[in-house]
Amino acid sequence: MSVHDELTSVQRCLDDLLRAVGRLEKQTDPGSLELRRVRSDANHLRESLALLRETTPDPQARRPDLVAIPDTPYDSSLWTDSDDEGVGNRHRP
């Protein structure tokens, strides 16, 4: 599994955790210290995962398109007005 897939899996699990915490808040006292701590920790995890996703590049998105370079020689007319570095134009007297 790639890093991107693992991060997506962690995001799904974290979403499930946040939904479960929401259900617990409805069934118990939402003002209790323990439940507020769990909610706070879950929110910190969500923020940390978002930062991790931003800093972890997707290897598929980073790959540049390949450019095919032919094995055939270049057309010599491309070099008619060019100067050789340090020598000058070899076609001028």
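A: The side chains of R39 and E25 form a salt bridge, with N and O 3.0 Å apart. A salt bridge here is a side-chain nitrogen of Lys or Arg within 4 Å of a carboxyl oxygen of Asp or Glu. This pair links distant parts of the chain, since R39 is in helix α2 (residues 33-55) and E25 is in helix α1, 14 residues apart. Helices are DSSP runs of H or I with at least four residues, numbered from the N terminus. The model is predicted: local features need pLDDT of at least 70, side-chain atom pairs count only at pLDDT 80 or more, and totals for chains, interfaces and linings use all residues. Residues are numbered from 1 along each chain as its sequence is written, and side-chain values use heavy atoms, with hydrogens and water left out.

R39 counts as partly exposed because its relative accessibility is 22%. E25 is also partly exposed, with a relative accessible area of 24%. Partly exposed lies between buried (under 20% relative accessible area) and exposed (over 50%), using a 1.4 Å probe and protein chains only.

Side chains of opposite charge can pair when their charged atoms come close. The structure holds two salt bridges. One of them joins D16 and R19, whose closest N and O atoms are 2.3 Å apart. D16 and R19 both lie in helix α1 (residues 3-27), three residues apart, which is about one turn of the helix. D16 is partly exposed at a relative accessible area of 42%, and R19 is partly exposed at 47% relative accessibility.

How values were computed:
Helix = DSSP H or I, 4+ residues; strand = E, 2+ residues; numbered from the N terminus.
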